[in-house]
Amino acid sequence: MSKRIRLGILASGSGTNLQAIIDACESGDILADVVVVISNVSDAYALERARKHNIKTVFIDKKNFKSRQDYDKELVFILKENQVDLVVLAGYMLLVGPEFVRAFRGRIMNIHPALLPSFPGTHSVKDALDYGVKVSGVTVHFVDEGLDTGPIILQEAVPVMENDTVETLHNRIHQAEYKIYPASIKLFAEGRLKIEGRKVRILEKGENRWRR
Ligand code: GRF
């Protein structure tokens, strides 16, 4: 018997990736449910998207916490309280701290709008464009203690066009994101992702360890 896994999503912005994930869950493509959406931004449109789907939302105001550790403790508390199996960072603009990573090791995913390890950090679309690369792309990876350094799950290349601006390139990158983020979560939900050191092995269907 397959069970649906519980997703907790952290988002700071417009939440278009969140939307793609909600849609994939609702259509039955992924055996998962988004059970909570948490933001550090009170008016993030991601929260509004979640509310439209009757998903629980939480705004955590950094101002109410003395330290980053305390903030992370609250995050971990809420995610555990909601029995989250997988934490999905979808345009979450804060770094998650080591205690957070420890609490959910191997169970936190991030999406990055470049082909890592090229162009890590927050301005990757602009950095890639300024560098003059002809191909950029998207990376979904597990989160470790570093900045955009965790084991890579899926990547998709996106061409850079002659007259691209940050906006046009990011729009093209978004289209790839909406495919590979749900696809990565689906693989996780099927028990088909195995972390071996730096590498993520994608198991064949039926080769999974804990699900049929
Ligand atoms: C995406 O491009 C993602 O790769 C990056 O932040 C952006 C979030 O966009 N981490 P959205 O909020 O999902 O629309």
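Predicted model: local features only at pLDDT ≥ 70, side-chain atom pairs only at ≥ 80, totals over all residues.
View 1. Residues are numbered from 1 along each chain as its sequence is written, and side-chain values use heavy atoms, with hydrogens and water left out. Look also for E177, with a polar side-chain atom 2.3 Å from a ligand oxygen, and for G15, where a polar backbone atom is 2.8 Å from one. On its own the ligand has 370 Å² of accessible area (Shrake-Rupley method, 1.4 Å probe), and the protein covers 87% of that.

**View 2. Here's what surrounds the ligand.** Among the residues around the ligand are S14, N17, G91, I111, H112 and P113. H170 and H174 are on the list too. To count as near, a residue needs a heavy atom within 4 Å of the molecule.

**View 3. Strand 4 (residues 86-89) is covered on both faces.** L86 and V88 on one side, and V87 and L89 on the other, are all buried, meaning under 20% relative accessible area with a 1.4 Å probe, protein chains only. Strands are DSSP runs of E, at least two residues long, and helices are runs of H or I, at least four, numbered from the N terminus.

**View 4. Strand 4 has parallel partners in strand 1 and strand 5.** Strands pair if DSSP finds at least two bridges between them. Strand 1 (residues 5-10) is joined to strand 4 by 4 bridges, with L7 opposite L86. Strand 5 (residues 108-112) gets 3 bridges, and N110 there stands opposite L89.

Conventions:
Buried < 20%, exposed > 50% of the residue type's maximum accessible area, 1.4 Å probe, protein only. Polar contact = N/O pair within 3.5 Å; in protein donor to acceptor, adjacent residues only side chain to side chain.
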